[in-house]
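The stops below go one selection at a time.

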Amino acid sequence: SSAELNVANDTATDITAITPLTAQTITFTGPGDQLLGAAPIGLVATASSGLTVTLASVTPAVCTVAQTTLTLVSAGTCTINASQTGNATFAVAPPVGTSLTVRVPSDFAIALSHTGNFTQGQTGDVYTITVSNAGAGAAPGTVTIADTLPAGLTATAIAGGGWNCVLGTLSCTRSDVLAAGTSYPAVTVTVNVSTTAGASVTNTASVSGSAELSLVNDTASDVTTVIPLTAQTITFTGPGDQLLGTAPVGLVGTASSALTVTFTSTTLPVCSVSQSTLTLVSAGTCTITANQAGNGTVAPAPPVTVGLTVRVPSDFAITVSHVGNFTQGQTGDTYTLAVSNVGTGAAPGTVTATDTLPAGLTATAITGPGWSCILATLSCTRSDLLAAAASYPAVTLTVNISTTAGASVTNTASVSGPAELN
């Protein structure tokens, strides 16, 4: 103003300390996409200050918010804002908004079917799987179907137009939208039926995808009748033990079904089979299996396996001899019976030597080392192997000569045993 003596004291300052409000943040992620018609949803939002967060819908035509409860109104994009205005200590929080899609409900449904009955042993039977949208809205996202076959069925193929199928897992997927009231192209599962499949089997298929209204129709079962094959049996006893070098042997096996029986050798180094002819190759154990594979009405027969021994040929030979002449009325004369193996292989099994005396001679004893002899039948037996070109210990037959015996008599001896060449 005018008439100021001193202007230095015409201005004054006052320094004031201002305490800043504490910053805060909001955590709010939202509930994700929803199906129209779902029950009201509780929303959760928190502030780092611990103060209450206020939630509000920016799109009330699609969704409304009352306190922390979200209510869906129509299909569309629902946007929700979370805010916190602060107080004397905390600053206003930066608002957080989230959006979610509200869809008209879609509902995948699955159907599973087949035609006619299956038969044990059948191949190429087919199941059909159909996926439809039973909801009121288009079905978005990836959809997957899976088939679970029952025991007795084996899948050989799975395919469908537009589907990406994996045989190993019996599953198919696709990602195109399916309009309400429509179906995807069908998926076919091709199966073979085991010969032991049960009389009734149940196949089960399921579908899964996003935005499902109901899970009740996501699984389907198909009960399938399996016609059993007629059982059959094989009769096959085999030709018995054989000598190496003998001619090929015809095999005879029959099936109760009257179908042709086939033969195989599982011991080719010893024997081989061509159709029904057995050929011996070497000494040893020959094993032959008879099979009948069945047909469209007859089940495979249980195989029958027979073993036989192929031996290198042995050949028992016998000689009977005596020393000097006999005299009427004489006692204690003897015959000697000698059994040898003149074959090329060891002689197996039980061997029997038998003597037939002529009239005028009466046996009083028969014996030999290692032999079991019976005087009444004039026979001796033993069971030890006799190597090729070897002989058993001799059998001695002691006789008395009748006083009326003829001037010349003939004694006869014989030998018998298994695997005789001659």
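A residue counts as exposed when its relative accessible area is over 50%, and as buried when that value is under 20%. Keep those two cut-offs in mind, and remember that this is a predicted model.

**Stop 1: an exposed loop residue**

Select A293. It sits in the loop between β27 (284-291) and β28 (304-311). Is A293 buried or exposed? Its relative accessibility is 62%, so A293 counts as exposed. A293 and L259 are 34 residues apart in sequence, yet their C-alpha atoms lie 8.9 Å apart in space.

**Stop 2: a buried asparagine**

Move to N133, which belongs to strand β12. N133 has a relative accessible area of 2%, so this residue is buried. Show what surrounds it. Beyond its neighbours within four places in sequence, N133 contacts S106, D107, A138, A139, L178, A179, A180, G181 and T182. Zoom in on one of them, A179. The side chain of N133 reaches the backbone oxygen of A179 at 3.5 Å. Then zoom out and pick T381. N133 and T381 are 248 residues apart in sequence, and 90 Å separates them in space, C-alpha to C-alpha.

**Stop 3: the largest nonpolar core**

Select Y127 and I145. In the largest nonpolar core, which has 29 residues, these two touch the most other members. Next, colour the elements that give two or more residues to this core: β10 (108-114), β12 (125-133), β13 (143-148), β14 (153-160), β17 (187-193), β18 (200-209) and β19 (219-227). Which element gives the most to this core? It is β17, with four residues.

Stay with I145 and list its contacts. Leaving out neighbours within four places in sequence, I145 is in contact with I110, I129, V131, W163, L170, S171, C172, V187, S206 and V207. A separate second core of 23 residues includes L361, A363, Y392 and V415.

**Stop 4: strands side by side**

Strands of a sheet pair through backbone hydrogen bonds, either parallel or antiparallel. Start with β13 and β18. They run antiparallel and are joined by six bridges. Within this region, T144 stands opposite S208 in β18. Continue to β18 and β19. Seven bridges join them, again in the antiparallel sense. Select A205 and find A220 of β19 opposite.

**Stop 5: a four-stranded open sheet**

Select β2, β9, β8 and β5. These four strands form an open sheet in the order β2-β9-β8-β5, with mixed pairing. Which strands stand at the edges? They are β2 (34-35) and β5 (54-57); each has a single partner strand, so one side of each is left without a neighbour in the sheet. L35 stands opposite R103 in β9.

**Stop 6**

In the whole structure, a search finds seven aromatic pairs.

**Stop 7: rings around Y392**

Select F316 and Y392. A pair of aromatic rings is described by the distance of the centres and the angle of the planes. The F316 and Y392 rings are stacked, at 6.4 Å centre to centre with 25 degrees between the planes. This pair links distant parts of the chain, 76 residues apart: F316 is in strand β29 (residues 316-321), and Y392 is in the loop between β34 (379-382) and β35 (395-401). At 4% relative accessibility, F316 is buried. Y392 is buried too, at 6%.

Now bring in W371. W371 and Y392 form an edge-to-face pair, 5.5 Å centre to centre and 75 degrees between the planes. Why does this pair tie together separate parts of the sequence? W371 lies in the loop between β32 (361-367) and β33 (372-374), while Y392 is in the loop between β34 and β35, so the pair joins parts that are 21 residues apart in sequence. Both W371 and Y392 are buried. Finish with R382. It lies over the face of W371, at 5.1 Å from the ring centre.

Technical notes:
Residues are numbered from 1 along each chain as its sequence is written. This is a predicted model: local features need pLDDT of at least 70, side-chain atom pairs count only at pLDDT 80 or more; totals for chains, interfaces and linings use all residues. Side-chain values use heavy atoms; hydrogens and water are left out. A nonpolar core is a set of buried Ala, Val, Leu, Ile, Met, Phe, Trp, Tyr and Cys residues joined through side-chain atoms within 4.5 Å. Buried means under 20% relative accessible area, exposed over 50%, partly exposed in between (1.4 Å probe, protein chains only). Contact means heavy atoms within 4.5 Å. Rings of Phe, Tyr and Trp (its six-membered ring) pair if their centres lie within 6.5 Å; planes under 30 degrees apart count as stacked, over 60 as edge-to-face and the rest as tilted. A charge sits over a ring if NZ of Lys or CZ of Arg is within 6 Å of the ring centre and within 35 degrees of the ring normal. Two strands pair if DSSP finds at least two bridges between them. A polar contact is a pair of N or O atoms within 3.5 Å; within protein, one must be able to donate a hydrogen and the other to accept it, and residues adjacent in sequence count only if both atoms are side-chain atoms.
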